[in-house]
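Please read them alongside the coordinates.

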Amino acid sequence: MPAFTPPPLPSDDKRWKIVNGTMRKNGFARHALIETLHTVQSAFGYLDDDAIRFVAKSLRVPLSQAYGVVTFYHYFSLKPPGKHTMTICTGTACYIKGTDKLVASAEKRLGIPQGQTTKDGNISLMTARCVGACGRAPVVLTDGELQGQMSGEEMLAQLERWAVE
């Protein structure tokens with residue numbers, strides 16, 4: 001059996017070396033698909049078509065399998081994120097504490113539905129099924145930082161701060 005030679009990196013961007021390191025650490029094994037996709041998303045903020053194709057080819061998995069993973073898991077994004085990201089938890093505890101109203105209020109203020117980014121690319125509005133901080137419900141992540149017992153006024157104030165930056 002001939003030795004496997006991984007494809008060349010897509011560009012000179014140093015973030016590809018981080019991705020390559022993840023694949024090399026796992027011996028370019030197929031089981032490293034999700035971990036590698038996590039690394040790509042952490043490094044670039046999202047997964048574009050070229051990145052998915054590179055990972056699939058490097059790990060020798062069918063492209064359809066790589067797309068299947070990316071589109072199945074809510075964590076992965078196929079679009080670049082906004083400069084700021086507001087993620088509203090919609091888990092049971094948060095929902096009971098009114099995050100449905102927070103989502104509606106944020107959608108109205110930003111003029112976009114959840115899962116989208118404002119036209120200026122400044123703010124992405126996301127939801128998460130549960131962030132695991134039910135005791136602090138309702139929970140909102142502002143640029144990844146957990147904010148517990150978030151009120152509608154506090155959330156809108158944060159959106160205003162980001163809007164004027």
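**Notes on the predicted model**

1. Helix α3 is followed by R60, whose phi is positive, near 55°.

2. Within helix α3, which spans residues 49-59, the buried positions are A51, I52, F54, V55, A56, S58 and L59. These buried residues pack against three other helices, namely α1 (15-25), α2 (33-44) and α4 (63-72).

3. Strand β3 (residues 123-128) has 5 of its 6 residues buried, so the strand is largely enclosed by the rest of the structure. Strand β1 (residues 84-89) runs parallel to β3 and is joined to it by 6 bridges, with M86 standing opposite L125 of β3.

4. Strand β2 (residues 116-117) is antiparallel to β3, and 2 bridges join the pair; here Q116 has L125 in β3 as its bridge partner. The two strands form a hairpin with 5 residues between them, and G121 in the turn has a positive phi of about 75°.

5. The largest pocket has a volume of about 690 Å³, and of the 21 residues that line it, Q41, H74, Y75, S77 and M126 are the closest to its centre. Its lining draws at least two residues from each of α2, β1, β2 and β3, with the largest share, 4 residues, coming from β3.

6. What is the make-up of the lining of the largest pocket by class? It has 12 polar, 7 nonpolar and 2 charged residues.

Conventions:
Residues are numbered from 1 along each chain as its sequence is written. This is a predicted model: local features need pLDDT of at least 70, side-chain atom pairs count only at pLDDT 80 or more; totals for chains, interfaces and linings use all residues. Side-chain values use heavy atoms; hydrogens and water are left out. Buried means under 20% relative accessible area, exposed over 50%, partly exposed in between (1.4 Å probe, protein chains only). Two strands pair if DSSP finds at least two bridges between them. Contact means heavy atoms within 4.5 Å. On a 1 Å grid over the protein atoms alone, a cavity is a set of points where a 1.4 Å probe fits but cannot get out, and a pocket is an open set with protein on both sides within 12 Å along at least five of seven lines; lining residues have an atom within 4 Å of a point. Grid points are joined across faces, edges and corners, and a volume is the space filled by probe spheres set on the points. Ala, Val, Leu, Ile, Met, Phe, Trp, Tyr, Cys and Pro count as nonpolar, Asp, Glu, Lys and Arg as charged, and the others, Gly among them, as polar.
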